[in-house]
Amino acid sequence: MDRWKTARWPFVVFVLIEVVIFGSGSAVTKFAYESISPLWCLAVRFGLASLVFVALFGRRMYSRLRTVRVRAWLPAALCMALSYLCCNVALDLTTATNVGFLVALPVVFTPFLSMLAERTRYPRAIIPFQVAVAAGLYLLCSQGGSLAFGLGEIMALGSSVALAGALVLGKRALAELDAITVAGTQIVVSFGLCLGCALAFEAPVNLADVQPMAWGIIAFLALLSTCLTFFLQTVALDRLSSTTVSLLLTGEPVFTALFAYWWLGETLSVTGLVGAAVIVVTVIAATYVDGRKSAPRTESPARAPRRRGPVFVPAKAAALFPALMR
């Protein structure tokens, strides 16, 4: 029974489910953009997700948030909201290929941000895996092409840094709050920020012009790709390291490419397939190594020495350590 309580694989599966949902969501979102702009799509998506989450867990969230300071949960929530905003803006400014490569790089920034937040040493053992994942992402997303670097690339890189910050700060928030409350705050704050940006930078949306398919996609994004995935990621962070979660999240471009092939008719070159294989193998190896490193050691309990006679304990020691007198 204790083995099941300390098992890591269910939480790895949670992140993999999240990755599959994110990959499918990235592919179908293009259909929604045919009748609704990106920022308004985000605002409606997070608005619907907020309604669902508050309806189900509003009282629980309110009771938990009353006992902690705002700084315990707001930084992680803002980082998550900024990550989604930057990603969608980047898609309007540059190619999806460049965005796919840069947005999937939180694994590069997460250990560094974790080192700054927790004041620990940089985990050098993770560097080879970071290099391998970055190389695999480049092969998968650029497919032999060159990467230009402009404002769109800067926004995509900012999305990756913000997601890394959300992972690190979200793990810290879990020290004071439960997974449902942390996920809920991230959803609600994302809604507020996306709605404000939509009102400020885009023309008002006419909901009557939004096609039924787009509404279905928005519902999928709100319920599965937001409510469910935010919860799964937060629960996983409670057991796995932020670096491990960021490594697992690098599998998202692989599933995005697969769903894009099935639904959008996009194809992968041989170079792209090699890149996908490199990512999968690296993530499996890194997760295995991190799991062995985090596994608790089981030692046989030491036998208590036999007492051959009365043991003399000084009065001062007896006052400090009363257990010695039992």
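Is tryptophan 262 buried or exposed, and what is its relative accessibility? At 55% relative accessibility, tryptophan 262 counts as exposed, where exposed means over 50% relative accessible area, buried under 20% and partly exposed in between, with a 1.4 Å probe and protein chains only.

This is a predicted model, in which local features need pLDDT of at least 70 and side-chain atom pairs count only at pLDDT 80 or more, while totals for chains, interfaces and linings use all residues. Residues are numbered from 1 along each chain as its sequence is written, and side-chain values use heavy atoms, with hydrogens and water left out.

**Overall architecture**

The protein chain contains 14 helices and zero strands; helices (H or I, at least four residues) and strands (E, at least two) are DSSP runs, numbered from the N terminus. Of its 326 residues, 44% count as buried. Among the contacts in the protein chain with a separation of 6 or more, 89% come from residues 24 or more positions apart, a contact being heavy atoms within 4.5 Å.

**Helix packing**

Two packed helices are described by the angle between their axes and the distance between the axes. Axes are lines fitted to C-alpha atoms, for helices over the stretch in contact, and angles run from 0 to 180 degrees between N-to-C directions.

Helix α4 (residues 74-93) packs against helix α9 (residues 179-201) at an angle of about 50°, with the axes 8 Å apart. The two helices are therefore oblique to each other, since angles under 35 degrees count as roughly parallel, over 145 as roughly antiparallel, 65 to 115 as roughly perpendicular and the rest as oblique. On the α4 side the contact includes Leu74, Met80 and Leu85, and on the α9 side Thr185, Val189 and Cys197 are among the residues involved. The contact of α4 with α9 has 12 nonpolar, three polar and no charged residues. Here Ala, Val, Leu, Ile, Met, Phe, Trp, Tyr, Cys and Pro count as nonpolar, Asp, Glu, Lys and Arg as charged, and the others, Gly among them, as polar.

Helix α3 (residues 38-65) also meets α9: their axes come within 7 Å and cross at roughly 145°. This crossing is left-handed, and its contact has 22 nonpolar, six polar and two charged residues.

**Aromatic pairs**

Rings of Phe, Tyr and Trp (its six-membered ring) pair if their centres lie within 6.5 Å; planes under 30 degrees apart count as stacked, over 60 as edge-to-face and the rest as tilted. The count comes to six aromatic pairs, of which two are tabulated.

| Pair | Centre to centre | Angle between planes | Class |
|---|---|---|---|
| Tyrosine 84 and phenylalanine 230 | 5.9 Å | 35° | tilted |
| Phenylalanine 259 and tryptophan 262 | 5.6 Å | 85° | edge-to-face |

Tyrosine 84 lies in helix α4 and phenylalanine 230 in helix α10 (residues 212-237), 146 residues apart. Tyrosine 84 is buried at 14% relative accessibility, and phenylalanine 230 is buried at 3%. Ring pairs also join Phe46 with Tyr84 and Phe230 in a cluster.

Phenylalanine 259 and tryptophan 262 both belong to helix α12 (residues 252-264), three residues apart, about one turn of the helix. Phenylalanine 259 is buried at 13% relative accessibility, whereas tryptophan 262 is exposed.

**A covered helix**

In helix α11 (residues 242-249), eight of the eight residues are buried. One of them, threonine 243, has 12% relative accessibility. Apart from neighbours within four places in sequence, threonine 243 is in contact with Thr110, Pro111 and Ile126.

Definitions and conventions: Left-handed = near helix turned anticlockwise from the far one by under 90°.
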